[in-house]
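Trainee: Could you go through this one with me slowly? I would like to learn how to read it piece by piece.

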Amino acid sequence: MAKYIKENLDEDGIDRRGFLECMAWAGTGALCVLQGGVMNSYALGDVLRGKVGNIKGELSFAQISDSHIGFNKAANPDVTATLREAIAKVNALPTPPAFVLHTGDLTQLSKDSEFDTLAESLKSLKTDQVFYVPGEHDVLNDNGQMFHERFGKGTQGDGWYSFDKNGAHFIGLVNVLNLKAGGLGSLGHDQLEWIEKDVSGLKSSTPIVVFAHIPLWSVYPQWGWGTDDSEQALSYLKRFGSVTVLNGHIHQTMKKVEGNVTFHTAMSTAFPQPAPGQAEGPGPMKVPADKLRSVLGVTDVNFVRNRHALGIIDSPLATVGQMQSEG
């Protein structure tokens with residue numbers, strides 16, 4: 001191993017060949033399945049390796065987040081490669097997801113070429129549709145105009161929208177414009193009014209799935225990991241029996257259940273960030289190549305009618321490489 005590393009190190013000390021092999025193992029996303037009115041989530045790797053039982057439901061979709069196309073620092077010099085590994089995990093599912101949610105930070109610097117690379121990579125997804133919300137990195141240069149033109153056609157206001165699938169109601173929100181002190185997300189008055197009207201005609205038995213970039217609960221406000229007016233938004237959802245909130249931004253899996261609401265943050269396909277309060281601040285965190293596979297991931301969500309919550313499973317990319325080596 002020492003000889004291999006020495007022969008494959010670049011001038012900057014990065015073992016790119018070995019790094020990319022490990023990155024091919026590092027999962028990035030989640031699979032969600034709606035089962036009886038409950039959204040459950042499963043790690044893609046566990047699904048692919050047969051570690052979970054019957055997860056069939058009325059609806060399944062995958063979540064990808066924080067691809068940061070254009071990032072090329074030591075924490076991950078090839079984020080396009082790891083995004084494609086995440087796509088490969090989604091495509092390897094026994095049943096293709098009905099659609100994929102990308103919960104923001106598609107790009108690193110909102111460049112046209114970065115959006116091009118992202119869009120071209122996602123063309124290989126075996127799914128009918130991809131839904132997007134922007135991250136703060138997607139609105140750097142023009143207040144989100146380029147993102148909106150490419151990925152937000154037909155949306156309301158600054159890009160929020162909703163749609164229905166198999167009896168569930170999905171709400172895509174934008175909380176990365178007009179950030180508050182410390183980087184806290186903000187929905188704003190117009191979007192809050194729209195949310196109230198959007199759900200007003202729905203039955204309380206309707207499963208609700210909300211997705212946005214910055215978490216809608218206070219994960220760690222000191223780092224801007226929260227949304228300052230999320231409490232008001234969530235107050236409009238109190239009457240619903242099953243509410244699932246999916247976010248990205250913090251590049252790690254965290255889950256919280258509060259009453260009828262299950263909050264779930266997803267891993268990044270690009271690089272990890274430190275746990276709340278475990279560093280001077282947030283940002284790309286370099287880890288050993290053989291550890292990286294455990295801190296990137298994909299989320300799958302399943303829905304089965306007449307159950308209370310969505311099934312959510314996170315899957316590190318690690319399992320892809322393990323499957324290949326065992327196969």
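Trainee: Okay, to start with the open sheet of six strands, what order do the strands have?

Mentor: Keep in mind that this is a predicted model. The open sheet has its six strands in the order 6-7-8-9-11-10, and the pairing within it is mixed.

Trainee: And which strands stand at the edges?

Mentor: Those are strand 6, residues 161-165, and strand 10, residues 254-258. Each of the two has a single partner strand, so one side of each is left without a neighbour in the sheet.

Trainee: By how many degrees are neighbouring strands turned against each other?

Mentor: On average the neighbouring strands of this sheet are turned by 15 degrees against each other, with direction ignored.

Trainee: Which helix packs on the sheet, and what does it touch?

Mentor: Helix 7, residues 189-199, packs there and touches strand 6 and strand 7, and its direction makes about 170 degrees with that of strand 7.

Trainee: Let's stay with strand 6 and strand 7: do they pair in the parallel or the antiparallel sense?

Mentor: Strand 6 and strand 7 pair in the antiparallel sense, over five bridges, and as one example of who faces whom, Y161 stands opposite G172 in strand 7. The two strands form a hairpin with two residues between them, and N166, which sits in the turn, has a positive phi of about 50 degrees.

Trainee: Is N166 a glycine or not a glycine?

Mentor: N166 is not a glycine, although its phi is positive. With a relative accessible area of 42%, N166 is partly exposed.

Trainee: Which way do the residues of strand 8 point, and are they buried or exposed?

Mentor: In strand 8, residues 208-211, I208 and V210 point one way while V209 and F211 point the other way, and all of them are buried. The cut-off to have in mind is that buried means under 20% relative accessible area.

Trainee: Now the other end of the sheet: how do strand 10 and strand 11 pair?

Mentor: Strand 10 pairs with strand 11, residues 261-265, in the antiparallel sense over five bridges, and the bridge partner of K256 in strand 11 is F263. The hairpin of these strands has two residues between them, and G259 in that hairpin takes a positive phi near 65 degrees.

Trainee: Switching to the loops, where does N143 lie?

Mentor: N143 is in the loop between strand 5, residues 130-132, and helix 6, residues 145-151. Its phi is near 60 degrees, which is a positive value in a residue other than glycine, and with a relative accessible area of 58% N143 is exposed.

Trainee: And P221, which loop is that in?

Mentor: P221 is found in the loop between strand 8 and helix 8, residues 230-235, and at 35% relative accessibility P221 counts as partly exposed.

Trainee: Let's do helices then: at what angle do helix 4 and helix 5 cross?

Mentor: The axes of helix 4, residues 79-91, and helix 5, residues 112-122, come within 10 Å and cross at roughly 25 degrees. Angles under 35 degrees count as roughly parallel, and helix 4 and helix 5 are therefore roughly parallel to each other. Their crossing is right-handed.

Trainee: Which residues make that contact?

Mentor: Helix 4 contributes T80, L83, R84 and I87, while helix 5 contributes T117, L118, S121 and L122. By class, this contact has four nonpolar, three polar and one charged residues.

Trainee: Last one, stepping back: how many helices and strands does the protein have?

Mentor: The protein has 10 helices and 13 strands, and buried residues make up 57% of its 327 residues. Among contacts between residues at least 6 apart in sequence, 76% join residues at least 24 apart.

How values were computed
Residues are numbered from 1 along each chain as its sequence is written. This is a predicted model: local features need pLDDT of at least 70, side-chain atom pairs count only at pLDDT 80 or more; totals for chains, interfaces and linings use all residues. Side-chain values use heavy atoms; hydrogens and water are left out. Axes are lines fitted to C-alpha atoms, for helices over the stretch in contact, and angles run from 0 to 180 degrees between N-to-C directions. Helices (H or I, at least four residues) and strands (E, at least two) are DSSP runs, numbered from the N terminus. Angles under 35 degrees count as roughly parallel, over 145 as roughly antiparallel, 65 to 115 as roughly perpendicular and the rest as oblique. A crossing is left-handed if the near helix is turned anticlockwise from the far one by less than a right angle, and right-handed if clockwise. Contact means heavy atoms within 4.5 Å. Ala, Val, Leu, Ile, Met, Phe, Trp, Tyr, Cys and Pro count as nonpolar, Asp, Glu, Lys and Arg as charged, and the others, Gly among them, as polar. Buried means under 20% relative accessible area, exposed over 50%, partly exposed in between (1.4 Å probe, protein chains only). Two strands pair if DSSP finds at least two bridges between them.
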